[in-house]
Amino acid sequence: MSEERLQYVQYHSSKESAYLTAIRQLISNDLSEPYSIYVYRYFLYQWGDLCFLALDEHNNVLGVVISKLEPHRGGPMRGYIAMLAVKQEHRGKGIATKLVRMAIDVMIERDADEIALETEVTNTAAMKLYERLGFLRSKRLHRYYLNGNSAFRFMLFVKESAFTSRLGYDENDDDEDQPELPPSA
């Protein structure tokens, strides 16, 4: 199937009965975490407009990204990519890249400062995808998943201020407050 026949759509709650079972099946086949219906509803009811589907010409779900956007600990607006899955036989066709870019674009339109996600350290394809999209590995999370696997947290700093605040650098700082260093001998 060529990518031209695919359609990419934003999730809408009016389509829950048509898509939720297929989304759950796809994600449970791909991801190691056993998510309950409540986890899906948590994301889809509050941030359904940050979730996107790749459908074939018969409206079968081939790929999905589920995301959210909210203030992080009273600080920056943080987007979060919670789940990404593409049917095995449709991988390598750019579907995951397109879905993630769609989610990122909407998060940026809504003033995201940064976007975070986690992926298993063994999922090299996902890590390569996120690195191609500009994400940076920020932390290794030991035994993060229920199956005992570790994860990498990836961050995409959308605004320079989000990145520099993580480094403890304030672009408005001037050097006038800094003590003068003695001349070198």
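A search of the whole structure, which is a predicted model, finds nine salt bridges. I shall discuss three of them in turn.

Let us begin with Glu16 and Arg41. These two residues form a salt bridge, and their closest N and O atoms lie 3.5 Å apart. The pair links distant parts of the chain: Glu16 belongs to helix 1, residues 16-30, while Arg41 belongs to helix 2, residues 37-47, and 25 residues separate them. Are the two partners buried or exposed? Glu16 has a relative accessibility of 17%, so it counts as buried. Arg41, at 30%, counts as partly exposed.

I turn now to Asp30, which forms a salt bridge with Arg91; here the closest N and O atoms are 2.5 Å apart. Which parts of the chain does this pair tie together? Asp30 lies in helix 1, and Arg91 lies in the loop between strand 4 (77-86) and helix 3 (95-109), so the pair connects parts that are 61 residues apart in sequence. Asp30 is partly exposed, with a relative accessible area of 27%. Arg91 is also partly exposed, with a value of 39%.

The next pair is Asp113 and Lys159, whose side chains meet in a salt bridge at 3.3 Å, N to O. Asp113 sits in the loop between helix 3 and strand 5 (114-120), and Lys159 in the loop between strand 7 (151-157) and helix 5 (160-167); the pair therefore ties together parts 46 residues apart in sequence. Because its relative accessibility is 14%, Asp113 counts as buried, whereas Lys159, at 25%, is partly exposed. Finally, salt bridges that share partners join Asp111, Asp113 and Lys159 into one network.

Notes: Residues are numbered from 1 along each chain as its sequence is written. This is a predicted model: local features need pLDDT of at least 70, side-chain atom pairs count only at pLDDT 80 or more; totals for chains, interfaces and linings use all residues. Side-chain values use heavy atoms; hydrogens and water are left out. A salt bridge is a side-chain nitrogen of Lys or Arg within 4 Å of a carboxyl oxygen of Asp or Glu. Helices (H or I, at least four residues) and strands (E, at least two) are DSSP runs, numbered from the N terminus. Buried means under 20% relative accessible area, exposed over 50%, partly exposed in between (1.4 Å probe, protein chains only).
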